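Hello,

Here is the model I promised to pass on. Please open it and keep it beside this email as you read.

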Amino acid sequence: MVFLSATCIGAFYATSLTWGQNTHYSMIEYWRWWLVHLWVEGFFEVFATAVVALLFTRLGLVSAASGSRAIVAETIVFLFGGILGTLHHLYWTGTPTSVIAVGAVFSALEVVPLALLGFEGWQNYQRSKAAPWVAAYRWPILCFVAVGFWNTVGAGLLGFAINPPASLYYVQGLNLTPAHGHAALFGVYGMLGIGLMLFCLRGLFEASRHAYRLVAWMYWSMNIGLAMMVFLSLLPAGIYQAGASISHGLWYARSAEIVHSRVMETLVWLRVPGDIVFAAGGLLLGAYALKLLRRPRGVALQPSVAVGTG
């Protein structure tokens with residue numbers, strides 16, 4: 001499943017070759033959403049689920065049988081929700097109402113496995129405390145738990161807030177969309193990438209060289225900073241624009257009168273604290289990696305030093 005989903009992630013970029021300069025807008029929108037929606041909510045979701053299940057199985061946190069069942073079950077739901085759910089994006093392309101309704105129904109189903117994945121992540125974290133040796137992989141495991149949390153909040157709750165046709169009619173392209181995008185994209189795939197990197201670095205370098213204090217500050221800085229970005233700035237700005245769109249129209253919500261209003265400009269500046277906290281997490285992650293790569297004084301780098309027992 002990891003191999004197939006990784007192949008599809010790259011291969012589906014080929015759908016961007018199906019339109020050109022003179023292609024009708026409806027066809028461009030159709031294939032664009034096949035690329036965007038299925039890349040994010042179809043194949044990458046399968047990849048994330050398969051990778052997390054594989055690592056938890058190798059760590060002994062879940063059995064191989066239960067991990068395989070979870071991957072197959074969640075893959076079915078993800079792909080059904082991803083493929084048919086793509087149709088809810090085709091609101092402005094002359095799509096029949098019945099097709100949009102099918103897309104909205106199956107897109108709503110995505111909330112179910114995402115919520116279950118978040119609950120499963122918390123259970124895995126609780127289970128990890130039972131084995132002392134798993135403490136060495138605490139931060140990679142917590143990154144995978146964060147994947148489940150942001151899957152539930154960012155992709156599930158915030159995604160469903162803008163997915164139904166009635167919502168899309170009023171909020172398409174407003175700040176509710178980047179609120180969903182920030183929480184889902186970095187919260188899921190960013191934390192997944194960091195977790196995989198930490199997992200690999202733990203096996204490549206001996207335990208004494210890991211500055212886990214830096215990792216701890218990085219982990220909380222990035223998650224808290226992301227939450228501040230979304231809930232202090234993007235989400236309130238999206239709700240404010242949604243109110244303007246419902247009362248006057250989408251054109252008014254995107255007009256200079258709203259975008260450059262005192263409320264919106266204040267909400268834009270409220271993005272800065274979250275950006276600073278998040279950026280600090282990125283610097284801490286870089287410092288942790290550089291500290292690992294720096295050779296200790298008076299110690300020659302031996303092949304055995306670079307390979308740990310895990």
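Below is what was found, taken topic by topic.

This is a predicted model: local features need pLDDT of at least 70, side-chain atom pairs count only at pLDDT 80 or more, and totals for chains, interfaces and linings use all residues. Residues are numbered from 1 along each chain as its sequence is written, and side-chain values use heavy atoms, with hydrogens and water left out.

**Overall layout**

The chain has 13 helices and zero strands. Helices (H or I, at least four residues) and strands (E, at least two) are DSSP runs, numbered from the N terminus. Read from that end, the elements run α-α-α-α-α-α-α-α-α-α-α-α-α. The chain has 310 residues, and 45% of them count as buried. Buried means under 20% relative accessible area, exposed means over 50%, and partly exposed lies in between (1.4 Å probe, protein chains only).

**Salt bridges**

How many salt bridges does the structure hold? There are two. The term means a side-chain nitrogen of Lys or Arg within 4 Å of a carboxyl oxygen of Asp or Glu.

One joins the side chains of R32 and E29, at 2.8 Å from N to O. Both residues lie in helix 2 (residues 25-58). They are three residues apart, about one turn of the helix. E29 is buried at 6% relative accessibility. R32 is partly exposed at 30%.

The other joins D275 and R271, at 2.7 Å from N to O. These two sit four residues apart in helix 13 (residues 271-293), so about one helical turn separates them. D275 is partly exposed at 29% relative accessibility. R271 is also partly exposed, at 23%.

**Cavities**

Next, the empty space inside. Rolling a probe the size of a water molecule over the atoms shows where empty space is left. On a 1 Å grid over the protein atoms alone, a cavity is a set of points where a 1.4 Å probe fits but cannot get out; lining residues have an atom within 4 Å of a point. Grid points are joined across faces, edges and corners, and a volume is the space filled by probe spheres set on the points.

The whole structure has two cavities of 30 Å³ or more. Which residues line the second largest cavity? They are A136, W139, P140, L198, R202, Y212, V215 and Y288. Helix 6 (138-162), helix 8 (176-204) and helix 9 (212-247) each supply at least two residues of this lining. By class, the lining has seven nonpolar, no polar and one charged residues. Here Ala, Val, Leu, Ile, Met, Phe, Trp, Tyr, Cys and Pro count as nonpolar, Asp, Glu, Lys and Arg as charged, and the others, Gly among them, as polar.

**Cysteines**

The disulfide count is zero. A disulfide is a pair of cysteine sulfur atoms within 2.5 Å. Look at C143, which is buried at 0% relative accessible area. C200 is partly exposed at 47%.

**Aromatic rings**

A pair of aromatic rings is described by the distance of the centres and the angle of the planes. Rings of Phe, Tyr and Trp (its six-membered ring) pair if their centres lie within 6.5 Å; planes under 30 degrees apart count as stacked, over 60 as edge-to-face and the rest as tilted.

The count comes to 10 aromatic pairs. One of them is F186 with F278: the ring centres are 4.8 Å apart and the planes stand at 80°, so the pair is edge-to-face. This pair links distant parts of the chain, with F186 in helix 8 and F278 in helix 13, 92 residues apart. F186 is partly exposed at 22% relative accessibility.

Y219 and W220 also form an edge-to-face pair, with 5.0 Å between centres and 85° between planes. Is Y219 buried or exposed? Y219 is buried, at 6% relative accessibility. W220 is partly exposed, at 49%. Elsewhere, Y30, W31 and W34 form one aromatic cluster.

G159 is in helix 6. G159 is buried, at 0% relative accessible area. From G159 to A183 is 24 residues in sequence and 9.4 Å in space, C-alpha to C-alpha.

G282 lies in helix 13. G282 is partly exposed, at 32% relative accessibility. G282 and Y219 are 63 residues apart along the chain, and 9.3 Å separates their C-alpha atoms.

Best wishes

Key:
1 Å grid on protein atoms, 1.4 Å probe; cavity = no way out; pocket = protein on both sides within 12 Å on 5 of 7 lines; lining within 4 Å.
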